[in-house]
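This briefing covers the ligand site and the pockets of the structure shown below.

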Amino acid sequence: MKGPGRRGATRRVLRSLVKRGGVALADASGSYAVQHLPEWIAKTSFDFARWRELWVAQNPRNDRADLARLVMFLENARLVDVEGIAGSLAELGVYQGTTAKLLHALLPDRTLWLFDTFEGFDERDLAHERGGASGGFRFDDTSLERVMRHIGASERVRPCKGHFPATAAAVPDGERFALVHLDADLRKPTADALAFFYPRMAPGGFMILHDYGSGAWPGIAEAVDGFFADKPESIVRIPDKSGTAIVRRVKR
Ligand SMILES: C[S@@+](CC[C@H](N)C(=O)[O-])C[C@H]1O[C@@H](n2cnc3c(N)ncnc32)[C@H](O)[C@@H]1O
C-alpha cells in the first residue's frame with residue numbers, strides 16, 4: 001500500500017480505537033462527551049474535520065467542545081439549501097466571529113447581516129437585566145476589523161456596527177431571512193431582535209435562539225417565551241451545552 005492510502009487506513013483504525021475507548025470512558029463517567037455523528041455526515045464524503053476546524057478557531061474552550069451545537073448549524077444550513085428556503089442570513093451577537101464565520105462558510109452565496117457593537121455589551125441593555133448582572137462577561141475584546149479578517153473578504157457579509165435595534169435600520173425594506181442566529185445573551189436586544197426578524201422570516205425559515213435553556217442568561221427564555229406566547233410556532237430545544245432553541249416560521 002502506498003503512503004497516503006496507508007496513512008488513511010491508519011487514521012481510520014486510530015479513530016475507531018479512540019472512539020471505542022472514548023465511548024467506554026464516557027459511559028463510565030456518565031458524560032456526554034462522545035457522540036456518533038448523524039449518518040448523513042458519517043456515511044458520506046462530508047468533510048466534518050474541516051467544519052470542526054472552523055468551529056475551534058477563536059471559539060472559547062467550553063464552546064468549542066459543544067459539538068452538538070456545531071452539528072445543529074450544519075444540519076439546519078443544509079436544510080435551508082435542500083428545502084430551498086429563500087432569503088438572507090443574520091446574526092445578532094457576533095463577538096469574535098466564530099459562528100459568523102461558520103454561517104458564511106456554510107452558505108457563502110447568501111447575504112449575511114452581522115449585528116454587534118463590536119465593543120461588547122451596552123450599559124443600556126445591562127440595565128434591563130435582573131440584578132444588572134452579566135456574570136462579569138463583557139465581550140469587549142474584539143473589533144469589527146478583527147472579525148472581518150477572521151471571516152475573510154466577501155461582499156456578501158454586511159456588518160452593522162453599533163447598538164441593536166438602531167442598526168437594523170440598515171436592512172432594506174423587503175429583505176427576507178432564511179436563517180437568523182440570535183446570540184446576544186441579554187433580554188432587551190433579544191426581544192428587539194425577535195420583533196424585528198419574525199415578520200421578515202421566510203416561510204420555514206430558522207430562528208436559532210442560543211442560550212434559551214441556559215441558566216446563565218435567564219433573560220433569553222423570558223424574551224423568547226414572551227414573544228412566542230401568542231404565535232403559532234413552537235419552541236424546540238436541542239441538547240447542546242447552552243440549551244439552544246429553534247423556531248421555524250410557519251408556512252402560511
Ligand atoms: C455571546 S457573544 C456572541 C458570540 C458569537 N455568536 C459566537 O458564538 O462566536 C454576545 C455578543 O452580543 C453583542 N450584543 C449584545 N447586545 C447587543 C446589542 N444591543 N447590540 C449589538 N450587539 C450586542 C455583544 O457585543 C457580544 O459580542
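In this predicted model, the ligand is surrounded by 20 residues, and the closest are Gly93, Thr99, Asp116, Asp125 and Asp183. The largest pocket has a volume of about 1,200 Å³.

**Shell around the ligand**
- By class, the shell around the ligand consists of seven nonpolar, seven polar and six charged residues.
- Asp116, one of the closest residues, has a side-chain N or O atom 2.7 Å from an oxygen atom of the ligand.

**Backbone contacts and burial**
- Thr117 places a backbone N or O atom 3.2 Å from a nitrogen atom of the ligand.
- For Phe164, a backbone N or O atom is 2.9 Å from a nitrogen atom of the ligand.
- The protein buries 96% of the 610 Å² that the ligand exposes when taken alone.

**Largest pocket**
- With a volume of about 1,200 Å³, the largest pocket is lined by 31 residues, of which Gln35, Leu37, Phe48, Arg52 and Leu67 are the closest to its centre.
- Two or more lining residues come from each of helix 1 (3–29), helix 2 (39–42), helix 3 (48–56) and helix 5 (67–82).
- Helix 1 contributes the most to this lining, with six residues.
- The lining of the largest pocket comprises 18 nonpolar, five polar and eight charged residues.

Technical notes. Residues are numbered from 1 along each chain as its sequence is written. This is a predicted model: local features need pLDDT of at least 70, side-chain atom pairs count only at pLDDT 80 or more; totals for chains, interfaces and linings use all residues. Side-chain values use heavy atoms; hydrogens and water are left out. A residue is near a molecule or strand if one of its heavy atoms lies within 4 Å of it. A polar contact is a pair of N or O atoms within 3.5 Å; within protein, one must be able to donate a hydrogen and the other to accept it, and residues adjacent in sequence count only if both atoms are side-chain atoms. Accessible areas come from the Shrake-Rupley method with a 1.4 Å probe; for residues, only the protein chains shown count as cover. Ala, Val, Leu, Ile, Met, Phe, Trp, Tyr, Cys and Pro count as nonpolar, Asp, Glu, Lys and Arg as charged, and the others, Gly among them, as polar. On a 1 Å grid over the protein atoms alone, a cavity is a set of points where a 1.4 Å probe fits but cannot get out, and a pocket is an open set with protein on both sides within 12 Å along at least five of seven lines; lining residues have an atom within 4 Å of a point. Grid points are joined across faces, edges and corners, and a volume is the space filled by probe spheres set on the points. Helices (H or I, at least four residues) and strands (E, at least two) are DSSP runs, numbered from the N terminus.
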